[in-house]
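Student: I'm new to this one. Could you show it to me and walk me through a few spots?

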Amino acid sequence: MSEPRLRPAARAIILDDDDRILLVRFDFPEKEPVWATVGGGLEPGETHEQAVRRELLEEAGLEDVDLGAPVWRRTHVFELGVRWDGQDELYFLVRTTPFEPCPRHTWAQLNAEGVTAIRWWTPDEIEQSEELFAPRRLGELLQVLLREGPPAELLDVGM
């Protein structure tokens, strides 16, 4: 069996002063909707840092943020068109004051990428929700991140 072809991707764990996380909802045909952090695949020649900054603007309207080193990594194998078998994602922590998301992309552009909603979630709301999140253990991972701060080494967060 050959190795899966993984698209490199960058995502942002956007936390506001109230420790809420900003998530986008993805709806794809014949799949359960999933809430995930802002982010997406790298464009040709783009670094992870450049990609996450672009995605922050496109999906949330957020710019001029401080990015540190990535804190999480997630490898997710799933059907992703003909070129890719999944994604290898790096997650950057972004702290911000509360803001109303105002994506630079139009809703038609976002919908074309499967994005149908964007909203702030508290850790408790995630823990109590029946919704599907990516990564699956997002509530638990978020609690640890808030309690202990960024990990000393890149943390593999699994599926």
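Tutor: Helices (H or I, at least four residues) and strands (E, at least two) are DSSP runs, numbered from the N terminus. Keep in mind that this is a predicted model, where local features need pLDDT of at least 70, side-chain atom pairs count only at pLDDT 80 or more, and totals for chains, interfaces and linings use all residues. Residues are numbered from 1 along each chain as its sequence is written, and side-chain values use heavy atoms, with hydrogens and water left out.

Student: How far apart in space are Leu-67 and Gln-87, C-alpha to C-alpha?

Tutor: In sequence, Leu-67 and Gln-87 are 20 residues apart. In space, their C-alpha to C-alpha separation is 21 Å.

Student: Is Glu-55 buried or exposed?

Tutor: Glu-55 belongs to helix 1 (residues 48-60). Buried means under 20% relative accessible area, exposed over 50%, partly exposed in between (1.4 Å probe, protein chains only). Glu-55 has 5% relative accessibility, so it counts as buried.

Student: Where do the buried residues of helix 4 fall, seen down its axis?

Tutor: In helix 4 (residues 138-148), the buried residues are Leu-138, Gly-139, Leu-141, Leu-142 and Leu-145. Their arc, taken from the directions from the helix axis to the C-beta atoms, is within 165°, so they line one face of the helix.
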